[in-house]
Amino acid sequence: MLDPSMTVFDSAARSFEQLVRGLGTADWDGPGLGDWDLRALVGHTSRSLVTVIEYLKGPAPNGPLVDAPGYYLAVRDVSATAGAEAIVERGRQAGRDLGDDPAAAVSALVATACSDVEQAGDPVISVIGGICITLSEYLQTRVFELVVHGLDIARATGRDYRPSEQVLEAATVLAARIATRSGRGGSLLLGLTGRAELGDGFSVV
């Protein structure tokens, strides 16, 4: 039986695939998010599939484990070191890597990633910055990325995007766990219950 995180990942990946399949030719050069056009945004999002495929091929790591919220806290330092421009360019390159038929490329990535996950069990993998994490915990972060950026894509294009309740719940729960772990759980809870404004720029990541 698959771990629940793997089932939710499969659903999130296929929702993303369906969203991308619905994009029109004119959408790809249009605005995406920040400095990314839509192709770069989709490319960046597709890395949630690419990294699963690549990291499962890597050697077994040896180091302390983090969980899904701990991953986001650790990756902040890695991202700060890399610099904003490098992150923007990585998204643009990921968009270029999707080639002449980006929707077909995304479908191929979804098929490979979901198949690899189904066969993998729950190994410890080494991810960005040498962070060690079990596959089941890492997949929670990939669901979060697929959902959040799926919403970004839908907002940028006016397309319909309806991930399952399980997928949305998993992403929202992880957001709350990250906020709590980083000391902002109280602020998030007050905002979610209408007792306070979260404020401009509030983010758990």
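This is a predicted model: local features need pLDDT of at least 70, side-chain atom pairs count only at pLDDT 80 or more; totals for chains, interfaces and linings use all residues.
View A. Residues are numbered from 1 along each chain as its sequence is written, and side-chain values use heavy atoms, with hydrogens and water left out. S5 lies in helix α1 (helices are DSSP runs of H or I, at least four residues, numbered from the N terminus). Its side chain also reaches the backbone oxygen of S136 at 3.3 Å. Leaving aside neighbours within four places in sequence, S5 is in contact with S136, L139 and Q140 (contact means heavy atoms within 4.5 Å). With a relative accessible area of 10%, S5 is buried (under 20% relative accessible area, with a 1.4 Å probe and protein chains only).

**View B. Helices α6 and α7 where they pack.** Helix α6 (residues 135-157) meets helix α7 (residues 165-181) at an angle of about 110°, with the axes 9 Å apart (axes are lines fitted to C-alpha atoms over the stretch in contact, and angles run from 0 to 180 degrees between N-to-C directions). The two helices are therefore roughly perpendicular to each other (65 to 115 degrees). On the α6 side, look for Q140, T141, V143, F144 and V147; α7 brings V167, L168, A170, A171, L174, A175 and R177. These residues divide into 9 nonpolar, 2 polar and 1 charged (Ala, Val, Leu, Ile, Met, Phe, Trp, Tyr, Cys and Pro count as nonpolar, Asp, Glu, Lys and Arg as charged, and the others, Gly among them, as polar).

View C. P69 has its place in helix α3. P69 is buried, with a relative accessible area of 0%. Beyond neighbours within four places in sequence, its contacts are L174, R177, I178 and R181.

**View D. V42 in the nonpolar core.** The largest nonpolar core has 56 residues, and F9 and V42 have the most contacts inside it (such a core is a set of buried Ala, Val, Leu, Ile, Met, Phe, Trp, Tyr and Cys residues joined through side-chain atoms within 4.5 Å). Helices α1, α2, α3, α5, α6 and α7 each supply at least two residues of this core. Not counting residues up to four places away in sequence, V42 touches F16, V20, L23, W28, L98, V106 and I153.

How values were computed:
Angles under 35 degrees count as roughly parallel, over 145 as roughly antiparallel, 65 to 115 as roughly perpendicular and the rest as oblique. Buried means under 20% relative accessible area, exposed over 50%, partly exposed in between (1.4 Å probe, protein chains only). A polar contact is a pair of N or O atoms within 3.5 Å; within protein, one must be able to donate a hydrogen and the other to accept it, and residues adjacent in sequence count only if both atoms are side-chain atoms.
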